[in-house]
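Hi there,

Here is the structure I promised to pass on to you.

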Amino acid sequence: MIYNFDEDINRKNTNCEKHDALEKYFGHSDLQALWVADMDFKTPDFINDKIVEAAKTSVYGYSMQSDELFDSIINWQKTRHHWEVSKDEILMVNGVVPAYSAVVEAFCPNKEDEVIVQTPVYPPLFKCVQANERKVVVNELKENNGYYTMDLDDLESKITKNTKLLCLCSPHNPVGRVWNSEELEALADICIKHNITIVSDEIHSDLTFKKFIPLASINNKIANITLTLNSAGKTFNIAGLNTAYAISKNGDILKKFKKVVSKRQIHSINFFGYIATQAAYENGADFVDQLKEYIQENIKFTKNYLKINSQKVDFLEPEATYLLWLNFKETGLSHNEIKNILLTKSKVALNDGVSFGSNGYGYFRLNTAVNKERLQLALSKICNYF
Ligand SMILES: Cc1ncc(COP(=O)(O)O)c(C=O)c1O
């Protein structure tokens, strides 16, 4: 089956945050929306059909987590990422972010406990720490011609007796890195040495353009300090169904996490979330392969378009995700000046780089999960002014 990612999808007036909340978040409603990390592609029919079939029962009572749901997760991790997990190592939760917040509570029980976060990074990964009234310790990524690496010397120098948790974003949003085994092992070695638990947010792991390695699949020692969070939400455009899962091979880690999950009551997933996740993982391999191809074409198109039409805006092609970390520094303008032009002249809504950390100054994140026509329109609006 061929999936048609060129189809024009109009999501306006569907209570959709990306397209319908522009006035609220940007103060302008007439923008082309290329911000929130969901896709302007249809959720595939092998998911829709199951949802419609379930809706036809016209009963939306409490649902249960079937063995088939767990099997679908286990098989997906095994076939796509060569990672063997078992049912008793998985816990369903209603979102990666709610789960992450619970992880912070579970592993940072004391007020003075610290969480290391590698910026620039998806904002809730530090905001949740602050909301839990725990200390964020920033370990900035190093940037060299658009290529980001971890600064492990800086990281180790920032570890104190209060450092309890390290947040790994793998693959990394927004810089698009797929961490390689050397990087992951070096990071994990430090955490093992200092008795730090790693929470590995792997929500973007399916949309990778080079080999992705689940952190906990590397070896038993690393698995023993890791709690992984994942979801079919990004890959299949079902994020609004609030269904995710946590995996840990360490029973004690899972037990600690479960206690907070149970306290916060975030393990009860909505009726359609189970159905969609299982359908996605049982039938989605071909869809993901085609989706990745389309996204890679969009990324290449953007690279070329900017090269020809703008000498001022550039990015390094990401190793994962449909998100581009656009560098506007060559414009010589201040961050606020760039932002103003994007909003009032180009009329596009991109994510503000500074929201990912102060080292996001001069950057804006562009979501390329749109059809080519809309992508070209957005790029022309940007290049008209930059
Ligand atoms: C790295 C990362 N983690 C988590 C999420 C959101 O996960 P969820 O919707 O399951 O809470 C996103 C969404 O953009 C993300 O980029």
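Below is what turned up when I went through the structure.

Please keep in mind that this is a predicted model. The protein has 15 helices and 14 strands. Its radius of gyration is 21 Å, close to the 21 Å that the globule rule gives for 386 residues, so the protein is as compact as a globular protein of that length. Along the principal axes, the C-alpha atoms fill a box of roughly 55 × 55 × 35 Å. Of the 386 residues, 57% count as buried. The accessible surface comes to about 17,000 Å², and 49% of that belongs to carbon and sulfur atoms. As for contacts between residues at least 6 apart in sequence, 75% of them join residues at least 24 apart.

Phenylalanine 5 lies in the segment before α1 (17–20) and phenylalanine 287 in helix α13 (residues 285–309), so the pair ties together parts that are 282 residues apart in sequence. Both phenylalanine 5 and phenylalanine 287 are buried. Tryptophan 325 and phenylalanine 356 make an edge-to-face pair, 5.4 Å from centre to centre and with 75° between the planes. Since tryptophan 325 belongs to strand β11 (residues 323–327) and phenylalanine 356 to the loop between β13 (351–352) and β14 (363–367), this pair ties together parts 31 residues apart in sequence. Tryptophan 325 counts as buried at 7% relative accessibility, and phenylalanine 356 is buried with a relative accessible area of 1%.

Ring pairs also link a cluster, whose members include Phe5, Phe46, Phe236, Phe287 and Tyr294. The charged end of lysine 372 sits over the ring of tyrosine 294, 3.6 Å from its centre. Likewise, the charged end of lysine 303 sits over the ring of phenylalanine 315, 5.1 Å from its centre.

Two helices are next. In helix α3 (residues 45–55), the buried residues are Phe46, Ile47 and Ala54. They cover an arc of only 105° around the axis, which puts them on the same side of α3. Their cover includes α10 (233–236), α12 (271–283) and α13. In helix α14 (residues 335–346), the buried residues include Ile338, Ile341, Leu342 and Leu343. Among the elements that cover the buried residues of α14 are α2 (22–26), β14 and α15 (372–383).

Finally, some backbone details. Most residues other than glycine have a negative phi, and most peptide bonds are trans. Lysine 347, in the loop between α14 and β12, has a positive phi of about 60° although it is not a glycine. Lysine 347 counts as partly exposed, at 26% relative accessibility. Asparagine 145 also has a positive phi, near 50°, and lies in the loop between β5 (142–144) and β6 (147–149). At 70% relative accessibility, asparagine 145 counts as exposed.

Which peptide bonds are cis? The bond from threonine 119 to proline 120 is cis, with omega near 0°, and proline 120 is in the loop between β3 (114–117) and α6 (124–131). The bond from asparagine 173 to proline 174 is cis as well, with omega near 20°, and proline 174 is in the loop between β7 (163–169) and α8 (181–193).

Best wishes

Methods:
Residues numbered from 1 in each chain as written. Predicted model: local features only at pLDDT ≥ 70, side-chain atom pairs only at ≥ 80, totals over all residues. Heavy atoms only, no water. Helix = DSSP H or I, 4+ residues; strand = E, 2+ residues; numbered from the N terminus. Buried < 20%, exposed > 50% of the residue type's maximum accessible area, 1.4 Å probe, protein only. Phe/Tyr/Trp six-rings, centres within 6.5 Å; stacked < 30°, edge-to-face > 60°. Lys NZ or Arg CZ within 6 Å of the ring centre and 35° of its normal. Rg over C-alpha atoms; globule rule 2.2 N^0.38 Å. Contact = heavy atoms within 4.5 Å. Areas by Shrake-Rupley, 256 points an atom, 1.4 Å probe, with all protein chains shown as cover. Arc of directions from axis to C-beta.
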